[in-house]
Amino acid sequence: MTARAMQMGVILPGGTASEQLAQAVLAEEAGWDGVFTWEAAYGIDAWTLLAAIAARTTRVRLGTLLTPLPWRRPWKVASQVVTLDQLSGGRAILAVGLGAVTTDLPLTGEITDLRGRAELLDEGIDLIRGLWEGRQSYHGRHFDYESERDDLTVVGRPVQERIPIWVVGAWPRPKSMRRVLRCDGVIPQYYTDGRDAGPQDVREMRAWLAERGARSDLDVVSEGETPADNPAAATARVTPWAEAGCTWWLETRWEMPHHSPDRMSEIRQRIAAGPPAMTTPAAGA
């Protein structure tokens, strides 16, 4: 896989639409490379927010972390992402996964069994990619799409030659990882029998993917927290992941409540301090 410098993004943990828009503008000013929002069944709409951010920024990549694709209509998601790509001048990223099944999320009657969500995710990825490539039909086990309106396909083309699709991959589970081979990036979930995941797991995963024909420019995402007041410690936290082959570091603040005044102050301080400084490019596998 191609070696390149690690990029730095921030996941906005929450707050009102106005608060998150201000955080995103600050992120671009502070030198971050990407801004990502998360999707829930109800709350601030991620794609409306990202479109507003696109209008107020010029450089940062924009996307979700992440979209629970089995619980979305893929043609709707494809439309939302391509709209963002056009409005942002080609800065959209789509990150997808099975969707979290936890007690702190709203219950909406969607399919929750693992196999069903996996099938919906696979078909959704294929359908979305096909629409962006100009195809007008798709017929799968779960989704059918047929359109005779080629004008919709023409106006709905991305600015980017290929909008990146990042997908959650459970390492080292082969079924999940094979899905990564069809996508442009992986958001790893490491299953390590109780020990903390580390850079060696990244190396092993990248080698497995490379041997099976993964894209040479595949993005590998890592995430976590770095301090705002200690640049050297922030760099030390991130560097081993870059050396192992991660191409993105995403700064997170997942603890709830996401919208508390303390949380909003903390994330603003971290964003304003700027991303960790990197001197080591992401390593090839």
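Predicted model: local features only at pLDDT ≥ 70, side-chain atom pairs only at ≥ 80, totals over all residues.
Residues are numbered from 1 along each chain as its sequence is written, and side-chain values rest on heavy atoms, with hydrogens and water left out.

A search of the whole structure identified 21 salt bridges, a salt bridge being a side-chain nitrogen of Lys or Arg within 4 Å of a carboxyl oxygen of Asp or Glu. One of them pairs Arg141 with Glu119, with 3.1 Å between the closest N and O atoms. Arg141 lies in the loop between strand 6 (137–139) and strand 7 (144–146) and Glu119 in helix 4 (residues 114–132), so this pair ties together parts 22 residues apart in sequence. Helices (H or I, at least four residues) and strands (E, at least two) are DSSP runs numbered from the N terminus. Arg141 is exposed, at a relative accessible area of 64%; buried denotes under 20% relative accessible area, exposed over 50%, and partly exposed the range in between (1.4 Å probe, protein chains only).

A salt bridge also joins Asp217 to Arg215, at an N to O distance of 3.1 Å. Asp217 is partly exposed, with a relative accessible area of 34%, and Arg215 is likewise partly exposed, at 28%. In the pair Arg263 and Glu266, the N to O distance is 2.3 Å. These two residues are three apart in helix 9 (residues 261–273), which means that about one helical turn separates Arg263 from Glu266. Arg263 is buried at 10% relative accessible area, while Glu266 is partly exposed at 30%. Through salt bridges with shared partners, Arg263 and Glu266 belong to one network with Glu225, Glu251, Arg253, Glu255 and Arg270.

In soluble globular proteins, nonpolar side chains tend to be buried together. A nonpolar core is defined here as a set of buried Ala, Val, Leu, Ile, Met, Phe, Trp, Tyr and Cys residues joined through side-chain atoms within 4.5 Å. The largest such core contains 60 residues, of which Val35, Leu94 and Trp132 touch the most other members. Helix 4 provides the largest share of this core, seven residues. Beyond four places in sequence, the contacts (heavy atoms within 4.5 Å) of Leu94 include Trp47, Val77, Ile128, Trp132 and Trp166. A separate core of eleven residues includes Ile11, Ala95, Ile187 and Trp248.

The second largest pocket holds about 250 Å³ of space. On a 1 Å grid over the protein atoms alone, a pocket is an open set of points where a 1.4 Å probe fits, with protein on both sides within 12 Å along at least five of seven lines, and lining residues have an atom within 4 Å of a point. Grid points are joined across faces, edges and corners, and the volume is the space filled by probe spheres set on them. Fifteen residues line this pocket, with Ser79, Leu131, Tyr145, Leu152 and Gly156 nearest its centre. Helix 3 (74–88), helix 4 and helix 5 (150–155) each supply at least two lining residues, and helix 3 gives the most, four.

Ala78 also lies in helix 3 and is buried, at 3% relative accessibility. Apart from neighbours within four places in sequence, Ala78 contacts Ile128, Leu131 and Trp132.
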